[in-house]
Every structure is written in structure tokens, then in C-alpha cells.
Amino acid sequence: MEIGWMHNQRQRQVFVFFVLLSMPGVGADLGPYSVVEETERGFFVANLGKDLGLGLTEMSTRGARIISQGHKEHLQLKVQTGDLLINEKLDREELCGSTEPCLLHFQVLMDNPLEIFQAELRVEDINDHSPVFSERVMILKIPENTPLGMAFPLSNALDLDVGSNNVQNYKISPNPHFQILTYNRSDGRKYPELVLDKELDREEEPEIALTLTALDGGSPPRYGTAQVRIEVVDNNDNSPEFRQPLYKVHIPENSNAGSLVVTVSASDLDSGENGNIVYSLFRPSEDITKTLEVNPMTGEIRLRKQLDFETLRSYEVDIKATDGGGLSGKCTLLLQVVDVNDNAPEVTISALTSPIPENSPETVVAVFSVSDPDSGNNGKTTSSIQDDLPFLLKPSVKNFYTLVTKRALDREESAEYNITITVTDMGTPRLNTQHNITVLVSDVNDNAPSFTQTSYTLFVRENNSPALHIGSVSATDTDAGANAQVTYSLLPPQDPSLPLASLVSINADNGHLFALRALDFEALQAFEFLVGATDRGAPALSSQALVRVQVLDANDNSPFVLYPPQNGSAPCTELVPRAAEPGYLVSKVVAVDGDSGQNAWLSYQLLKATEPGLFGVWAHNGEVRTARLLSERDAAKHRLLLLVKDNGEPPRSASVTLHVLLVDGFSQPYLPLPEAAADAAQADPLTVYLVIALASVSSLFLFSVLAFIAVRLCRRSRAAWVGGSSVPEGHLPGHLVDVSGTGTLSQSYQYEVCLMGGTGTDEFKFLKPIIPNLPVRDIGRNVEENENFRNSFGFNIQ
């Protein structure tokens with residue numbers, strides 16, 4: 001982007017003077033203000049707050065400040081009061097020289113919003129310098145036959161003051177022959193001429209001494225003097241005369257020292273010594289003496305040094321031609337310096353804001369001024385910056401520009417911008433200047449922390465040690481400084497029944513997660529919770545992620561046998577008919593494992609059997625089956641020791657004992673095995689007492705029901721039993737083999753075997769199917785079923 005004086009197809013440029021009429025933020029001119037030179041430091045000039053219509057607090061909050069041209073701060077602004085004060089003693093002659101008026105331009109810059117007010121301070125001259133003659137003694141040779149009214153130019157006096165404080169008048173000491181006249185030059189300077197009023201007589205007065213006085217217009221006036229010595233010589237009829245009274249010369253400022261400016265020429269009609277002419281600079285100023293030199297014999301005027309258009313644009317000096325008789329003539333040389341493009345533009349940064357906060361559109365970054373001391377097109381400039389930057393150049397008052405953001409900046413996109421301000425003049429050849437500034441973008445907390453994953457899955461093996469590091473979560477924040485410092489925390493669980501505070505903890509600084517206690521897979525297989533990440537910005541921003549903890553199973557549970565039951569009661573005995581075929585299902589071992597996966601894969605193995613080879617167990621389902629045909633030689637009672645083993649590492653196992661009784665068609669009485677009798681003897685006494693109590697209550701209730709039937713049928717029943725087998729006396733204990741729901745035999749194969757108590761024989765009493773417990777109202781129906789059951793075996797009941 002580019003802003004300047006001319007239009008270019010590749011660069012955007014505008015005329016500054018046009019922009020001044022339409023540019024927002026450009027304030028009106030202030031002042032003018034004035035101050036007398038040599039005023040002491042701290043002198044009050046004006047109150048800018050009143051002139052701007054601003055309150056004291058607004059002057060301070062908007063950062064009002066003074067921007068002066070050049071490198072010296074001549075003024076200062078007290079923002080507390082709005083007073084504009086002199087910062088240092090001002091010398092008008094040093095600041096402006098002979099230029100009048102002497103103006104110091106400055107700007108008042110304020111932010112929020114940006115406003116620039118143009119102002120100027122005029123430094124008033126005081127009469128602090130006296131006139132000074134460059135020639136303290138002037139010698140004139142005047143022929144005695146010089147006609148009356150002849151004028152003789154004298155050297156003028158110089159006064160550094162300006163205006164009325166400069167030289168205003170000349171006086172000559174009283175004498176009978178001469179008077180002094182004062183003339184004005186085109187540049188405003190006054191010079192004296194001595195005019196002859198009375199004829200001279202060399203024999204009477206060969207030499208006249210006069211005092212020339214220069215007076216300025218100050219109050220009181222200052223003055224300077226010089227001596228004028230007049231020598232009266234013999235007759236010299238003709239004075240030298242120049243061919244032209246005025247020489248106008250234009251010379252480029254880049255001309256080298258020694259370059260010829262012009263050659264002046266004068267002639268004298270006299271002959272001999274009176275006809276010889278000598279050229280010289282008449283009444284030259286100090287600058288002219290250092291700049292020009294004249295050849296006294298040829299009249300060639302050359303440069304002593306290179307000219308500078310920006311320092312002095314023109315020179316005016318008188319050239320005097322003097323003959324041998326003392327007569328002289330003069331002409332004027334007007335030297336115009338032609339500007340060339342020998343000065344590159346200058347860039348002065350008046351204000352720079354860095355860093356600037358991100359997300360702030362239309363922010364003023366810098367205020368700078370451009371100057372080029374050249375003239376014409378050589379002094380016209382264009383300003384530009386790179387096109388790929390989010391910044392704009394806007395012209396302000398006069399040669400001031402503001403650098404503003406084109407849009408809101410994003411520090412995460414770019415935290416630093418290197419801006420090159422290029423200023424090019426329109427001269428030939430074109431000269432340019434580049435000024436580099438670095439603008440930093442400060443961070444604003446506009447980015448919340450972001451987790452590397454939206455959800456995390458952590459695996460923890462059960463029975464872990466407390467304070468175990470189980471994993472980590474991580475979040476990043478693209479902001480900087482405190483805005484990027486992330487703190488981690490556990491968020492309240494969505495399930496209020498989950499004791500999250502006792503399960504896990506998190507390190508607030510690095511996101512490490514720890515298990516606070518040992519986890520049990522069988523109690524809690526998995527749980528979820530939310531983790532928050534919060535930065536330390538103001539206001540703080542946060543985000544969250546889901547963490548799922550999966551508890552891995554460890555082989556910490558041995559298999560548990562459900563059937564045959566292992567509760568310490570009477571052992572279960574499986575009945576197998578001797579006519580069973582190979583593969584006959586004897587029973588099924590049912591076991592479970594609290595673990596999962598391969599830790600719960602169970603296998604079954606027959607460790608020990610009364611008769612090896614007779615029974616086998618399937619390894620995967622625990623079914624116990626016959627391995628061959630049974631024979632009469634096989635023992636009736638068998639004890640099988642089975643092993644149930646899981647597939648964990650290391651494996652765990654449990655053993656179970658299965659009792660098998662071989663019967664002939666289910667008619668052989670069931671004899672309790674010695675091991676079973678021993679186990680029953682060791683049964684819990686409380687269980688025995690409970691069974692006895694229940695049996696007693698049931699017996700009392702049944703006795704009242706069966707008493708009547710027993711009296712009527714007592715004789716017939718006794719006769720029937722005498723015909724078949726002896727009836728044992730006393731209570732017949734029964735043992736229930738019930739594997740309903742867990743065993744492998746169906747209900748039709750479940751029986752209650754009653755043996756004669758204490759006989760130790762194989763005498764059969766009766767064998768009946770198990771009848772489930774029924775309420776009292778069904779007792780009658782049960783009795784009828786029992787009678788029918790007996791009838792199925794050939795019992796006669798009257």
C-alpha cells in the first residue's frame with residue numbers, strides 16, 4: 001500500500017492536500033501562539049486544554065503530547081494542567097536566522113480517538129544585537145575635480161536582528177564636503193552612499209577623516225561605527241563602467257567548487273595607470289565571502305564551495321571595479337541557485353505503539369512525518385508499506401501519516417510484524433528512504449485450552465497399588481504467558497453414586513492421573529468422569545474431556561463349585577443304573593469364576609476315582625459320564641474327585657467330590673457311604689437342631705390328620721407288610737438329592753431313598769419321587785398322591 005502525492009498504477013497514492021480536507025481525526029489549527037526570544041525555561045505560553053475544549057482528566061487519559069519538528073523539544077505540555085510551557089530558552093537568530101517571521105511548527109497528538117492538531121509558535125525578535133561593519137576602516141580615493149552630487153557607495157553594516165531592530169539609518173560625522181544617504185536594496189537591507197556636496201581641493205585638504213554610524217530601530221537604538229578615510233588625488237577624468245549594471249545567473253546547486261559563475265567586465269576611457277581596472281566584491285556578507293571569489297584582473301567569479309539550495313536559494317552581491325586613479329564603478333550580481341534532487345526524503349517517527357493487543361481493529365500503531373527539503377517535484381513524496389500486511393497508511397495533517405491496523409490482529413497467527421515504510425520523492429532521479437519498525441502483538445485470552453483428544457481410555461489392572469500413575473491427559477493453549485498456563489481438575493461426576501474423589505486424583509500442573517486405592521474388577525469394571533483444563537487468563541477459559549477407566553481383570557478368584565453343593569451338608573449321591581450305556585450322563589459339575597475373559601474359562605479334570613476308567617469328565621462342560629458298560633463286578637459305591645481349573649496366569653483351581661451309587665433298576669437300597677456318615681456326624685449342630693424342630697412341628701401337625709386313618713388301616717397295613725417284608729420300627733430318615741436348576745438330571749430322575757435306620761442292611765423299604773413342599777391346604781391332595789404311588793408298586797390299601 002502506498003500514499004503520496006502522485007498516482008501510480010501499482011501503488012495506491014493520494015494527494016495529501018486533498019486528504020487534509022476529508023480525513024477524519026484531523027483537528028483544526030491551534031493558535032497562533034507567540035513568545036519573545038530569550039524567554040526563560042518554563043514560561044507559560046497557553047493552556048491547550050481550554051483551546052481544545054478538553055477537561056484535565058481527558059487530556060491525561062487520551063495521552064496528549066507535543067510532537068515537534070526536528071530533534072529538539074522546544075516545548076513541553078503538562079497534561080495535569082494542560083499548560084504549554086517553554087522547554088528551553090529560545091534564540092530567534094539561531095532558530096531562523098534572517099527569516100521573518102520565525103515560526104516553530106508543532107503538533108498536538110491525542111489518542112482514543114486519534115486526533116492531531118496543527119499549531120505554530122512565533123518567536124518574536126528583541127533588539128539584542130548591534131549593527132556591525134564588516135570593514136572597520138574604509139578608504140576612498142576621490143579626484144579633486146569630482147563634480148558635485150557624485151555618490152560613492154560605502155560598506156553596509158550587518159545586524160542579526162530583523163524588522164525594526166535591524167539597521168534603519170546611517171549618519172556621518174559633521175563635515176563641509178559630504179553628506180550620507182541611505183538606500184534600500186531588494187532584499188530589504190539598507191546601505192549608505194557618500195555624496196559630495198562641496199568641491200575638494202587637494203592642496204587645501206589632501207585627506208579627510210569621517211565617522212560612519214549605523215543605527216537600528218530598537219528602543220533604545222543600538223549602533224555601530226566605522227572609519228571613512230578620503231584621499232583627495234589629482235585629476236582622473238573617467239570612472240570605470242560595467243557593460244551591464246545587473247548580472248543574473250542561474251547555477252545548479254550541485255556545481256563543484258571552482259566552477260565559473262560569471263565573468264564581469266568594466267571599461268575605463270582613461271589611459272595609463274588611470275585606465276587599469278581591478279575587480280573586487282563590494283560589501284560582501286560573510287556567506288558570500290565563503291561562497292564566491294573574484295579574479296581581480298579578469299573579473300571571473302567562481303565558487304569557493306558547493307552550493308546548497310536548501311540552505312540559501314539566492315545570493316546578491318555588488319562587484320566593484322576600481323581604476324588606478326581611485327575611481328570605481330559597480331554592478332550587481334544576482335545568483336539564483338537551481339534545486340536538484342540531492343536530498344532523500346526523511347521519516348520521523350512521532351509515536352509508536354508496540355505491542356498492540358490482538359482483536360483490536362482500527363488501532364493506531366504509529367504516527368510519523370515525512371519531509372524533503374528539495375523543492376518542486378523533488379520535494380513531493382509518496383509513502384507506502386508492504387501490500388501483504390494487515391496495516392494501512394492514512395495521511396493526516398500536512399506531511400503526517402498514521403499507520404493503523406486494517407483488521408483485528410491475531411497473535412496466534414503472527415506475533416510480530418516487520419513493517420518497512422518506503423518514502424519516495426518525485427524528482428529525477430527518484431530518491432527513496434526506508435524506515436523499518438517492528439510491531440509486536442500482545443496476547444488476549446481468546447483461546448480456551450484444547451485437549452489433544454476429546455476422550456481418553458485408560459486401562460488399569462485390578463488390585464493395583466494405591467497412588468499408581470494410570471495415565472495422563474494433556475491440553476494446550478495457543479495463547480501466551482499466563483493465558484497459556486493450564487490447570488487440570490476433576491469435574492463433578494454425572495453419576496452421583498460414583499465415589500470419584502476416592503477413586504482417582506489429578507495433578508493440577510501436568511494432568512497426571514493417579515488411582516487412589518486398589519480397584520476390584522468384580523466390583524467395578526469401568527467408570528467415566530470428566531477432566532477440566534482451565535487457563536489463568538482473565539476471564540479464564542476452560543474445556544473438558546471425557547476419561548474412561550477400564551479395569552482389567554486379574555486372576556484373583558478361584559473357581560466356585562455350585563453343584564455338587566459344598567456347603568457342609570450331607571453329600572450328594574448320584575444314582576446310576578447298572579444297565580447304563582457308555583456315555584450315560586451321571587451328573588454335571590457346575591462351577592463359576594468371578595473373573596472374566598480367559599481367567600473365567602473353566603476346564604474340568606478327573607483327578608481320582610474309586611475305579612479308574614469307569615467314569616470320565618468332559619473338559620469343557622463338566623459332564624460326568626460313564627466310560628464303558630457297567631458290570632456286576634463293579635463296586636456299588638464310587639467316589640470321584642474332580643478338579644475345576646481356570647485359564648488364568650497363574651491358573652487357579654477348586655476340587656469337588658462326587659459320590660456315585662450303582663443301582664439295579666433303581667431298586668437297590670441306598671446305603672450311606674462311610675465318608676458320608678462321617679460328614680453327617682460332623683454337621684453343624686445348629687442345623688441338626690433346626691431340622692429336628694421342623695420335623696417335630698410337622699409331625700404334630702400330620703399326626704392329627706393321619707391319626708384317624710392310621711387306626712383304621714393299622715391292621716391291614718401290618719398284614720400287608722408281614723406278607724412282603726418286615727417293617728422297621730421308628731422314624732425312617734430320608735435324604736434329599738435336589739439338583740433342580742443346577743444339576744444335569746431331570747426331575748423325573750430325582751428320588752428320595754429311605755433306608756432302615758441303624759440296620760446297616762440292604763433291605764428295601766420304599767422308593768418314591770420327591771414331592772415339593774406344599775401349603776397346608778394341599779395336604780389332602782398329597783396324601784392321595786402318596787396312596788396312588790404306593791398302589792403303583794402293588795400295595796393294597798383299604
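Trainee: Where does A467 lie?
Mentor: In the loop between β36 (455-461) and β37 (468-472). Keep in mind that this is a predicted model.

Trainee: Is A467 buried or exposed?
Mentor: Exposed, because its relative accessible area is 54% and the cut-off for exposed is over 50%.

Trainee: And what is phi of A467 near?
Mentor: Near 65°. That is a positive value in a residue other than glycine.

Trainee: Why point that out?
Mentor: Because most residues other than glycine have a negative phi.

Trainee: What about phi of N359?
Mentor: Also positive, near 65°. N359 sits in the loop between β28 (356-357) and β29 (364-371). With a relative accessible area of 38%, N359 is partly exposed.

Trainee: Let's do hairpins. How do β14 and β15 pair?
Mentor: In the antiparallel sense, over 7 bridges. Strand β14 covers residues 178-184, and strand β15 covers residues 190-196.

Trainee: Which residue stands opposite T182?
Mentor: P192, in β15.

Trainee: How many residues are between the strands of that hairpin?
Mentor: There are 5. In this hairpin, G188 takes a positive phi near 95°.

Trainee: New topic, peptide bonds. What is the one from T428 to P429?
Mentor: Cis, with omega near -5°. P429 is in the loop between β33 (416-425) and β34 (432-442).

Trainee: And the bond from E649 to P650?
Mentor: Cis too, with omega near 0°. P650 is found in the loop between β51 and β52 (653-663).

Trainee: On to rings. How many aromatic pairs does the count come to?
Mentor: It comes to 8 aromatic pairs. One of them is F133 with Y170, and that pair is tilted. The centres are 6.1 Å apart, with 55° between the planes.

Trainee: What does the pair of F133 and Y170 tie together?
Mentor: Parts that are 37 residues apart in sequence, because F133 lies in strand β9 (residues 132-133) and Y170 in strand β13 (residues 167-172).

Trainee: Is F133 buried or exposed?
Mentor: Buried, at 4% relative accessibility. Y170 is buried as well, with a relative accessible area of 2%.

Trainee: How about F527 and F529, what kind of pair is that?
Mentor: Stacked, with 25° between the planes and 6.1 Å centre to centre. F527 is buried, and so is F529.

Trainee: Which residues form one aromatic cluster?
Mentor: F451, Y456 and Y488.

Trainee: What sits over the ring of W618?
Mentor: The charged end of R625, 5.0 Å from the ring's centre.

Trainee: Charges, then. How many salt bridges are there by the count?
Mentor: The count comes to 20 salt bridges. Take K89 and E40, where the closest N and O atoms are 3.3 Å apart.

Trainee: What do K89 and E40 tie together?
Mentor: Parts that are 49 residues apart in sequence. K89 lies in the loop between β6 (83-86) and α4 (92-96), and E40 in the loop between β2 (30-36) and β3 (44-47). At 43% relative accessibility, K89 is partly exposed.

Trainee: How far apart are the closest N and O atoms of E611 and R628?
Mentor: They are 2.6 Å apart, in a salt bridge. E611 is in the loop between β48 (603-609) and β49 (615-617), and R628 is in the loop between β50 (623-626) and β51 (637-645), so the bridge ties together parts 17 residues apart in sequence. Both count as partly exposed: E611 has a relative accessible area of 21%, and R628 has 29%.

Trainee: Last one. Which residues make the nonpolar surface patch?
Mentor: F701, L702, V705, L706, F708 and I709. The patch is about 490 Å².

Trainee: Where does F701 lie?
Mentor: In helix α8 (residues 685-724). F701 is partly exposed, at 36% relative accessibility.

Terms used: Residues numbered from 1 in each chain as written. Predicted model: local features only at pLDDT ≥ 70, side-chain atom pairs only at ≥ 80, totals over all residues. Heavy atoms only, no water. Patch = residues over 30% accessible without salt bridge, like charges linked within 9 Å, V, L, I, M, F, W, Y side chains within 5 Å. Areas by Shrake-Rupley, 256 points an atom, 1.4 Å probe, with all protein chains shown as cover. Salt bridge = Lys/Arg side-chain N within 4 Å of Asp/Glu carboxyl O. Helix = DSSP H or I, 4+ residues; strand = E, 2+ residues; numbered from the N terminus. Buried < 20%, exposed > 50% of the residue type's maximum accessible area, 1.4 Å probe, protein only. Phe/Tyr/Trp six-rings, centres within 6.5 Å; stacked < 30°, edge-to-face > 60°. Lys NZ or Arg CZ within 6 Å of the ring centre and 35° of its normal. Pairing = 2+ DSSP bridges.
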